[in-house]
Amino acid sequence: MADDRMIAAPLTDSFGRRITYLRISVTDRCDLRCRYCMAEAMTFMPRSEILTLEEIAALADAFIARGVRKIRLTGGEPLIRRGVPDLAAMIGRHIATGALDELTLTTNGTQLPKQAEALFAAGVRRVNVSLDSRDPDVFRHITRWGDVDKVLEGIAAAKAAGLRVKINMVALKGLNEDEIVPMLRWCAAEGHDLTLIETMPLGAVDEDRTDRYLPLDAVRADLAARFTLTPLAERSGGPARYHRVEELDARIGLITPMTQNFCEGCNRVRVTATGRLYMCLGHDDRVDLKAALRDGGRDALDALLDQAMSAKPLRHAFKIDARNAAPAVERHMSVTGG
Ligand code: SAM
Ligand code: SF4
């Protein structure tokens, strides 16, 4: 059960937004190198600075005690870190007590054939799997060396283990825009939801993201010309806005940080694998929780969480166009997780 502090001091920022959703990056490393996410030669955080799985579980406990109801494990690629299903089980026990509504995971899917069953056993019921293309050559190009068959195998393993799958697809001009409708049809046939994402200017990569930026308002207009899209009121706790695609009996989500700011209803914060708490994906402000976690005890940690709440900004200020080719923040998405 959550302790009294959950009722006494739920995490609320200075704009009155309740923080109920925590994303934890368990590693910034990855077995792929998606071009919009990472440079080919990346410098990763030193292993000596990474929190242990027990420390991450203790952090999760502290956030749950302050009213967090949903936790997503992410990265980097979370499933390449050894023991992540054990971490999921440590956090997942809060679902059984009713203190946590949901534990989910964002993954590139390559390790799911080996780990899907253990994740289900730990209490995970839904996973987001990134799949920007089902074409082997395009997939290899986008991820630099990925094998799409491994990911498709992972998605099948997740489904077989009883996990609901949502496909994340970053919309990339000239790379996968022709695959959006086929991906939607495939997801409908397989029973997966699909979420399209706009590229965000996070961290330096080897190419200019503006070349590949595909605004989703144009994609939505194109989809609306082909299908009947009914906006859905329901939200999954994250930033996606969902539509029902009537002809396919499918759902599509759109994450539009660039064309339609969604910060007003933000309920999220993110912790890195080194214990840094970022209050916004688009800002560098952070609070380092590691020392308090290791030596300070729960009161010291709670004081830092309160400090973080008062510093959470109202909104990000991403821009992506020819004049704003530089990243909005130096940190890659893989550090704070998607
Ligand atoms: N490795 C896992 C994966 O790919 O699903 C989890 C981490 S990844 C950083 C989480 C999500 O962020 C993925 O869906 C990925 O496509 C997306 N992503 C990464 N860099 C991005 C960027 N610069 N703009 C928009 N989405 C990005
Ligand atoms: Fe790895 Fe995910 Fe980034 Fe691709 S998007 S490089 S799979 S962390």
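Ala, Val, Leu, Ile, Met, Phe, Trp, Tyr, Cys and Pro are classed as nonpolar, Asp, Glu, Lys and Arg as charged, and the others, Gly among them, as polar. On that scheme, the shell around ligand 1 holds 6 nonpolar, 10 polar and 3 charged residues. The model is predicted: local features need pLDDT of at least 70, side-chain atom pairs count only at pLDDT 80 or more, and totals for chains, interfaces and linings use all residues. Residues are numbered from 1 along each chain as its sequence is written, chains are lettered from A and ligands numbered from 1 in the order in which they are written, and side-chain values use heavy atoms, with hydrogens and water left out.

The overall fold was described next. The protein has 10 helices and 12 strands (DSSP runs numbered from the N terminus; helices are H or I with at least four residues, strands E with at least two). Its radius of gyration is 19 Å, close to the 20 Å that the globule rule gives for 338 residues, so the protein is as compact as a globular protein of that length. The radius is taken over C-alpha atoms, and the rule is 2.2 Å times the number of residues to the power 0.38. Along the principal axes, the C-alpha atoms fill a box of roughly 55 × 45 × 40 Å. Of the 338 residues, 57% are buried (under 20% relative accessible area; exposed is over 50%, partly exposed in between; 1.4 Å probe, protein chains only). Among contacts (heavy atoms within 4.5 Å) with a separation of 6 or more, 73% join residues 24 or more positions apart.

Ligand 1 is surrounded by 19 residues, the closest being Tyr36, Gly76, Ser130, Val170 and Met200. A residue belongs to such a shell if one of its heavy atoms lies within 4 Å of the molecule.
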